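Thanks, everyone. Please have the sequence and the model open while I talk. I'll keep this short.

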Amino acid sequence: MKKMLMISTMAAAAFVLAACGEENVDKTASTSWNGTWKKIDGEKSVCRDSFTFKGENNFEIQNSRVQGGEHSSGTYKHIENNDYEFDYGGGSDTFIISMEGDTMKAQLSSSDNVCEYKKVD
């Protein structure tokens, strides 16, 4: 009986620690994103010229000239794994985003093209 109670307690503690650790990862990731990321590699007709992440899950995207050159802004949210939904107000896109140091790779979930960005500020 004591053995069963101990196993249950340890499993519950591991679950709580895992949940807390996961929450901290999301907060750390969104904080480190803040700033402007300029395109250094990728297809002009697919890749945005830049991403700017500001404050609490706010973003601005500068489209390339080939895409019309306009700015779009809104909010983003983490869906799962490296998937993020960017909501522009009138529509949304899902990006697969990974970061390593001052390099970010972004890919529209509906595309095979991977765009690479460098953090500039």
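Two housekeeping points. This is a predicted model, so to speak of local features we need pLDDT of at least 70, and side-chain atom pairs count only at pLDDT 80 or more, while totals for chains, interfaces and linings use all residues. Residues are numbered from 1 along each chain as its sequence is written, and side-chain values use heavy atoms, with hydrogens and water left out.

Start with the fold. Eight strands close into a barrel, in the order β1-β2-β3-β4-β5-β6-β7-β8, and the pairing is antiparallel. From one strand to the next, the twist averages 35 degrees. Strands here are DSSP runs of E, at least two residues, numbered from the N terminus. Two of them pair if DSSP finds at least two bridges between them. Take β1, residues 35-41: four bridges join β1 to β2, in the antiparallel sense. Opposite Lys38 stands Ser50 in β2.

Now the inside. How many residues does the largest nonpolar core have? It has 17, and those with the most contacts inside it are Phe51, Phe53, Phe86, Phe95, Ile97 and Tyr117. The elements giving two or more residues to this core are β2, β3, β5, β6, β7 and β8. The largest share, three residues, comes from β7. By nonpolar core I mean buried Ala, Val, Leu, Ile, Met, Phe, Trp, Tyr and Cys residues joined through side-chain atoms within 4.5 Å. Buried is under 20% relative accessible area, exposed is over 50%, and partly exposed is in between, with a 1.4 Å probe and protein chains only.

Next, the rings. Rings of Phe, Tyr and Trp (its six-membered ring) pair if their centres lie within 6.5 Å; planes under 30 degrees apart are stacked, over 60 edge-to-face, and the rest tilted. The count comes to 14 aromatic pairs. One of them is Phe51 with Phe86, edge-to-face, 6.0 Å centre to centre and 70 degrees between the planes. Phe51 sits in β2 and Phe86 in β5, so this pair ties together parts 35 residues apart in sequence. Both residues are buried. Phe86 also pairs edge-to-face with Phe95, at 5.0 Å and 75 degrees. Phe95 is buried too. Beyond its neighbours within four places in sequence, Phe95 is in contact (heavy atoms within 4.5 Å) with residues including Arg48, Ile61, Asp83 and Leu108. Ring pairs link a cluster whose members include Trp33, Phe59, Tyr76 and Tyr117.

On to the cysteines. A disulfide here is a pair of cysteine sulfur atoms within 2.5 Å. There is one disulfide. Cys47 and Cys115 form it, with sulfurs 1.9 Å apart. The link is left-handed, at -85 degrees about the S-S bond. Cys47 lies in the loop between β1 and β2 and Cys115 in β8, so the pair ties together parts 68 residues apart in sequence. Cys47 and Cys115 are buried.

Last, Asn113. Asn113 lies in the loop between β7 and β8. Is Asn113 buried or partly exposed? Asn113 is partly exposed, because its relative accessible area is 32%. Setting aside residues up to four places away, Asn113 touches Glu43, Val46, Ala106 and Gln107. Gly42 is 71 residues from Asn113 in sequence, yet 7.3 Å away in space, C-alpha to C-alpha.

Methods
Axes are lines fitted to C-alpha atoms, for helices over the stretch in contact, and angles run from 0 to 180 degrees between N-to-C directions.
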